[in-house]
Amino acid sequence: MIPTGVDLEIVNVDVKDIRFPTSLGAHGSDAMHTDPDYSCVYVTLETLRGVSGYGLTFTLGRGTDVVKLSVLTLKHLIQGRNAGEIFANFSHIWRSLTSESQLRWIGPEKGVTHLAVAAVVNALWDLWAKLEGVPLWRLLSTMEPELLVSTIDFRYISDVITPAEAIEMLKKAQEGKEERIEELLKTGYPAYTTQVGWMGYSDDRIRELCKKYLELGFTAFKIKVGRDITSDINRCQLVRKEIGYENTLMIDANQIWDVEEAIEWVKRLSQYKPLFIEEPTSPDDVLGHATISRALRPLGVGVATGEMCCNRVMFKQFLQAGAMQFCQIDSARIGGVNEILSIYLMAKKFNVPVIPHAGGVGLCEMVQHLQMWEYTSLTKSMKMIEFVDQQHDQFIHPATVVNGKYMAPVAAGYSTQLTDEAVENYEYPCGKEWQRMFAEGIFEEIKY
């Protein structure tokens, strides 16, 4: 299960700034992020064996170069090391990446430096799965509990969960695992879509997209709210009219409100029966989310958050405080797969369902693996995975959704490898498409 060989030395760490001009169509727009250009920092780990690992972390355009520079400052901790030795001591390597004695000062374990760690760590997991010749979800699902738990750094969370508890959880979920794997391969995993409800979309566009995704088999829909209460009421009415009350509606404010404002605003929207309000206030405000949760509980509206929660310690506190009824991990926000596994384990202990954030560049591709592992190997219950229909054609092995369900990946790796054309066209600022858009005056290149 842990690959070996001197030819597993990581001989090069390549880092690229990749950006897609999604702001031109208002794709991804919400109350807080009005003009995102979906982007990523793209890391390639090359080994002597000729097998490479690909990883990324998601950004919104400006600032991607800052994250790229942060990855380059971590490069010396990985390049020249043997990948098999990294995997055999993964929690220690993860700690060395997050606790480098000088870089830690500009974190620690949050913000730009943690996004950079995620890109490197995701590339390492892609490499491990490719060396084993299996998709990442199968690699995780077939790991012995002791090995999987050995990859997690339990510092700062051992007051809530210990390695021994985590191993026991995983051992209890072993029964029926093969049947769940077979079911997953046969039927897929339920998806919900946010594609119908970006803030910048017109009413006609929303109607058109609701019809489209209903026909595609979707039964759960999320829309952006928070800009204007009258507009939000109209949008909720519009979407409910299109999808009916037999289907699920969710709303997402992307951190726009103060605590009391969030409570009053969602009370106005509760008549449309949303399953949850996502990110109603600052992503760092544990007690604020707890207050909102208590106020909305009688209305049957849960609180979802975690998309921009910066590390496992914050997740621990959200769970301890009863501040989230739906836990949203993001496959590129915190320190990669290792740390995300610890979130799943804590959520399981607190009996809080994980319904992850996706969309963006590569997030759907990655998070499907994590959620499928959770179903087969930890909770034994399916929830939902967010789906946004953008940039999938830029990947060699894109996420595939059929009849409203993610089909289980079968290609080896973490589904994170971009096509050569995507890199050639959209590397910033030298890619062909960016040079064309600069020349035509569609965008102005930012120079420092």
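This is a predicted model: local features need pLDDT of at least 70, side-chain atom pairs count only at pLDDT 80 or more; totals for chains, interfaces and linings use all residues.

User: What makes a residue part of the lining of the largest cavity?

Analyst: A lining residue has an atom within 4 Å of a point. For the largest cavity that gives 15 residues, and Leu97, Thr98, Leu103, Thr113 and Val117 lie nearest its centre. Helices α1 (64–74), α3 (90–98) and α4 each supply at least two residues of this lining. By class, the lining splits into five nonpolar, seven polar and three charged residues.

User: Since α4 came up, what makes it largely enclosed?

Analyst: The cut-off for buried is under 20% relative accessible area. In α4, 18 of the 22 residues are buried, so the rest of the structure largely encloses this helix. Helix α4 covers residues 111–132 and reaches 32 Å from its first C-alpha to its last, close to the 32 Å expected at 1.5 Å a residue. Just after α4 comes glycine 133, with a positive phi of about 75°.

User: How many aromatic pairs are there?

Analyst: The count is 19.

User: Why is the pair of tyrosine 189 and tyrosine 375 called edge-to-face?

Analyst: Two numbers decide. Rings pair if their centres lie within 6.5 Å, and planes over 60 degrees apart count as edge-to-face. Tyrosine 189 and tyrosine 375 have ring centres 6.4 Å apart and planes at 80°, so the pair is edge-to-face. This pair links distant parts of the chain: tyrosine 189 is in strand β4 (residues 189–197) and tyrosine 375 is in helix α15 (residues 363–379), 186 residues apart.

User: And are these two tyrosines buried or exposed?

Analyst: Tyrosine 189 has a relative accessible area of 0%, so tyrosine 189 is buried. Tyrosine 375, at 5%, is buried too. Another edge-to-face pair is tryptophan 434 with phenylalanine 443, at 5.1 Å centre to centre and 65° between the planes. Both tryptophan 434 and phenylalanine 443 are buried. There is also an aromatic cluster, formed by Phe87, Phe90, Trp125 and Trp128.

User: How do you know that arginine 19 lies over the face of tyrosine 428?

Analyst: For a charge over a ring, CZ of Arg has to be within 6 Å of the ring centre and within 35 degrees of the ring normal. Arginine 19 lies over the face of tyrosine 428 at 3.8 Å from the ring centre. Likewise, the charged end of arginine 205 sits over the ring of tyrosine 201, 4.5 Å from its centre.

User: What makes a pocket not a cavity?

Analyst: A pocket is an open set of points, whereas the probe cannot get out of a cavity. The largest pocket holds about 780 Å³ of space. Its lining has 40 residues, with His33, Pro36, Thr59, Leu60 and Gly61 nearest the centre.

User: Which classes of residue line the second largest pocket?

Analyst: Seven nonpolar, four polar and no charged residues. Among them are Gln368, His397 and Met407. The space in this second largest pocket is about 150 Å³.

How values were computed
Residues are numbered from 1 along each chain as its sequence is written. Side-chain values use heavy atoms; hydrogens and water are left out. Helices (H or I, at least four residues) and strands (E, at least two) are DSSP runs, numbered from the N terminus. The expected span of a helix is 1.5 Å times one less than its number of residues. Buried means under 20% relative accessible area, exposed over 50%, partly exposed in between (1.4 Å probe, protein chains only). On a 1 Å grid over the protein atoms alone, a cavity is a set of points where a 1.4 Å probe fits but cannot get out, and a pocket is an open set with protein on both sides within 12 Å along at least five of seven lines; lining residues have an atom within 4 Å of a point. Ala, Val, Leu, Ile, Met, Phe, Trp, Tyr, Cys and Pro count as nonpolar, Asp, Glu, Lys and Arg as charged, and the others, Gly among them, as polar. Rings of Phe, Tyr and Trp (its six-membered ring) pair if their centres lie within 6.5 Å; planes under 30 degrees apart count as stacked, over 60 as edge-to-face and the rest as tilted. Grid points are joined across faces, edges and corners, and a volume is the space filled by probe spheres set on the points.
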